[in-house]
Amino acid sequence: MKLNGLNHLTLAVADLDRSWDFYHGLLGARPHARWAGGAYLSLGDLWLCLSLDAPEPGSGYTHYAFDVTPADFPAWAERLSAAGVGVWKDNHSEGDSFYFLDPDGHRLELHVGSLQSRLAASRSQPYRDMVFFDQEAC
């Protein structure tokens with residue numbers, strides 16, 4: 001028995017129109033359904049639900065990262081910067097990343113790379129007390 005990955009991401013939003021414009025208009029999420037209290041969209045294979053509610057984004061490192069190709073990263077970073085989105089962190093890790101906020105303060109990231117590229121970089125410069133497990137052990 002195992003989990004198969006992320007099924008969907010639901011974000012509480014204070015203003016559905018504003019969040020619709022952000023996720024569909026600015027980020028290009030594909031719309032599937034919308035109603036008075038929410039919307040269903042997708043970004044690649046990610047099912048994204050916007051739910052009208054009181055957003056309470058955390059102040060820790062919890063965030064949601066969207067995959068982007070190396071060729072598209074500069075244009076995406078420029079598009080978001082030009083739109084005046086808030087930036088919540090500078091990138092200090094492997095792979096290009098742009099850390100930004102949605103209109104409700106949810107922490108988002110555009111990221112170039114994969115788990116495999118991060119592990120390769122970490123093997124050459126491991127974090128403090130980092131331990132690696134081979135695939136057979138998992």
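Student: How many bridges join β3 to β4, and do they run parallel or antiparallel?
Tutor: In this predicted model, β3 and β4 run antiparallel and are joined by six bridges. Tyr40 stands opposite Cys49 in β4, and Trp47 is the bridge partner of Ser42 in that strand.

Student: What sits between β3 and β4?
Tutor: Two residues separate the strands, which form a hairpin, and in the turn Gly44 has a positive phi of about 60 degrees.

Student: And β2 with β3, how are those joined?
Tutor: They too are antiparallel, with five bridges joining β2 to β3, and they form a hairpin with two residues between them.

Student: OK, so what is the strand order of the open sheet?
Tutor: The order is β1-β4-β3-β2, an open sheet of four strands with mixed pairing. Its edge strands are β1 and β2 (residues 30-35), each of which pairs on one side only, and from one strand to the next the twist averages 20 degrees.

Student: Which strands does α1 touch when it packs on the sheet?
Tutor: α1 touches β1, β2, β3 and β4, and its direction makes about 170 degrees with that of β2.

Student: Back to Ser42 for a moment: buried or exposed?
Tutor: Ser42, which lies in strand β3 (residues 38-43), has a relative accessibility of 13%, and it counts as buried because the cut-off for that class is under 20%.

Student: What does the side chain of Ser42 make a polar contact with?
Tutor: The side chains of Ser42 and His32 are joined by a polar contact of 2.7 Å. If you leave out residues up to four places away in sequence, Ser42 touches Ala29, Arg30, His32 and Leu48.

Student: Changing topic, which residues touch the most other members in the largest nonpolar core?
Tutor: That core has 26 residues, and those touching the most other members are Phe22, Tyr23, Leu50, Leu80, Phe98, Phe100 and Leu110. The elements that give two or more residues to this core are β1 (8-13), α1 (16-26), β3, β4 (46-52), α2 (73-82), β7 (97-101) and β8 (107-111).

Student: Which of those gives the largest share?
Tutor: The largest share comes from α1, with five residues. As general background, nonpolar side chains in soluble globular proteins tend to be buried together.

Student: What is Tyr23 in contact with?
Tutor: Apart from its neighbours within four places in sequence, Tyr23 is in contact with Leu11, Gly28, Ala29, Leu48, Leu50, Asp102 and Leu108.

Student: And Phe100, where is that one?
Tutor: Phe100 lies in strand β7 and is buried, with a relative accessible area of 0%. Its contacts, again leaving aside neighbours within four places in sequence, include Phe22, Leu27, Leu80, Val85, Trp88, His106 and Leu110.

Student: How far apart are Phe100 and Leu26?
Tutor: In sequence they are 74 residues apart, and in space 13 Å apart, taken C-alpha to C-alpha.

Student: Zooming out, how many helices and strands does the chain have?
Tutor: The chain comes to three helices and eight strands, and from the N terminus on its elements run β-α-β-β-β-β-α-β-β-β-α. Its C-alpha atoms fill a box of roughly 50 × 40 × 30 Å, taken along the principal axes.

Student: What share of the chain is buried?
Tutor: Buried residues make up 30% of the 138 residues in the chain. On contacts, among those in the chain with a separation of 6 or more, 49% are between residues 24 or more positions apart.

Student: Last one: which feature does UniProt place at residues 5-113?
Tutor: The UniProt record, an unreviewed entry, places the feature "domain: VOC" there. In the model, residues 5-113 are 19% helix and 39% strand, and the end C-alpha atoms of that span lie 18 Å apart.

Conventions
Residues are numbered from 1 along each chain as its sequence is written. This is a predicted model: local features need pLDDT of at least 70, side-chain atom pairs count only at pLDDT 80 or more; totals for chains, interfaces and linings use all residues. Side-chain values use heavy atoms; hydrogens and water are left out. Buried means under 20% relative accessible area, exposed over 50%, partly exposed in between (1.4 Å probe, protein chains only). A polar contact is a pair of N or O atoms within 3.5 Å; within protein, one must be able to donate a hydrogen and the other to accept it, and residues adjacent in sequence count only if both atoms are side-chain atoms. Contact means heavy atoms within 4.5 Å. A nonpolar core is a set of buried Ala, Val, Leu, Ile, Met, Phe, Trp, Tyr and Cys residues joined through side-chain atoms within 4.5 Å. Two strands pair if DSSP finds at least two bridges between them. Axes are lines fitted to C-alpha atoms, for helices over the stretch in contact, and angles run from 0 to 180 degrees between N-to-C directions. UniProt positions are given in the numbering used here, feature names are shortened, and annotations may be inferred rather than shown by experiment.
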